[in-house]
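Hello,

Here is the model I promised to send over. My notes follow below it.

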Amino acid sequence: MKIIQADCLEWMRKQPDNSVDLVIGSPPYAEKGLRYKGNRKVISTDEWVDWMLEVTKEAVRISSGWVLWVVNGSVKNGQYLPACEGLVWEWYKQGGESERSCIWHKNSLPSNRAWFINDWEFVLAFKKPNTRPLFNWKSVALPPKRDSTLAFSHRDSRGIRMSTKKSLPNKLARPRDVIRVTVGGGHMGHKLAHENEAPFPLKLAKHFVKVCSNPGDLVLDPFVGSGTTLHACNETERKGIGIDVRKSQVHLSKKRLKDVNMRKC
Ligand SMILES: C[S@@+](CC[C@H](N)C(=O)[O-])C[C@H]1O[C@@H](n2cnc3c(N)ncnc32)[C@H](O)[C@@H]1O
């Protein structure tokens, strides 16, 4: 595993095309997150979309597979600011290709906002045009809960009942695009995760690393924080590179990986 202190955009610009197999990470959020470059400041949703468009372009260029961002939009003065939708829309308008986003259902803590508690985040998925990157769903699939040989039926526009053909028995059920992984103390995969202000849980990183890369592949997290993605790579026999612009986070992820490796011995 390699952990480097750098601005991820500057670092990725120096890397050759297709030099990693998967990019996965969680960027700082618009309006809330700090973009730790130059003078530290909270960036607006507009600025975030422009910046993340450049980051996504570079990530897609250097990845031979998927580019996945775990990210949320913010609400300011009662107004939802559509950073994620803005990024996907700008990407699409510029001829980029993406998959339908997955939803990470995270079981958040209660809040007092006069609206439903936000219980999920987007997992945005980008790729090179006309490619179908690795999708090894069987690596995370479980046996079906119901009899997979039953035929489904529905009514057509004339009201006539139609029946689908019976399918062959499935040993495994294809996973759905809502991924339930709880957050909070005891669920993050490592106690040091809490030293980053917005870590994602190990289980979530492992889920996507397993589906979107093969053992031995090289996975990049350009916003490595506490090193969750590298921890997931370590547990699934992938190689990993983590970038973070802050020295404190580079130290943190190194410390976490050292601890993970010590526990293995
Ligand atoms: C949401 S946190 C990532 C948390 C990580 N997924 C984890 O589980 O610990 C975002 C990280 O991006 C880093 N970051 C912010 N701007 C960056 C930039 N321009 N280049 C590289 N890293 C950056 C921050 O220092 C922060 O650690």
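With 265 residues, a compact globule would have a radius of gyration near 18 Å, and the protein chain agrees with its 20 Å (taken over C-alpha atoms; the rule is 2.2 Å times the number of residues to the power 0.38). Please keep in mind that this is a predicted model, where local features need pLDDT of at least 70, side-chain atom pairs count only at pLDDT 80 or more, and totals for chains, interfaces and linings use all residues. Residues are numbered from 1 along each chain as its sequence is written, and side-chain values use heavy atoms, leaving out hydrogens and water.

The C-alpha trace spans about 65 × 50 × 40 Å along its principal axes. The protein chain holds six helices and 14 strands (DSSP runs numbered from the N terminus: H or I of at least four residues, E of at least two). Buried residues account for 45% of the 265 (buried is under 20% relative accessible area, with a 1.4 Å probe and protein chains only). Of the contacts between residues at least 6 apart in sequence, 69% join residues at least 24 apart (contact means heavy atoms within 4.5 Å).

Helix α6 deserves a look. Its 18 residues, 247–264, reach 26 Å from first C-alpha to last, close to the 26 Å expected at 1.5 Å a residue (1.5 Å times one less than the number of residues). Among the buried residues of α6 are Val250, Leu252, Leu257 and Val260. The cover over the buried residues of α6 includes β1 (2–5), α4 (202–212), α5 (228–235) and β14 (239–244).

Best wishes

Note on methods. Buried < 20%, exposed > 50% of the residue type's maximum accessible area, 1.4 Å probe, protein only.
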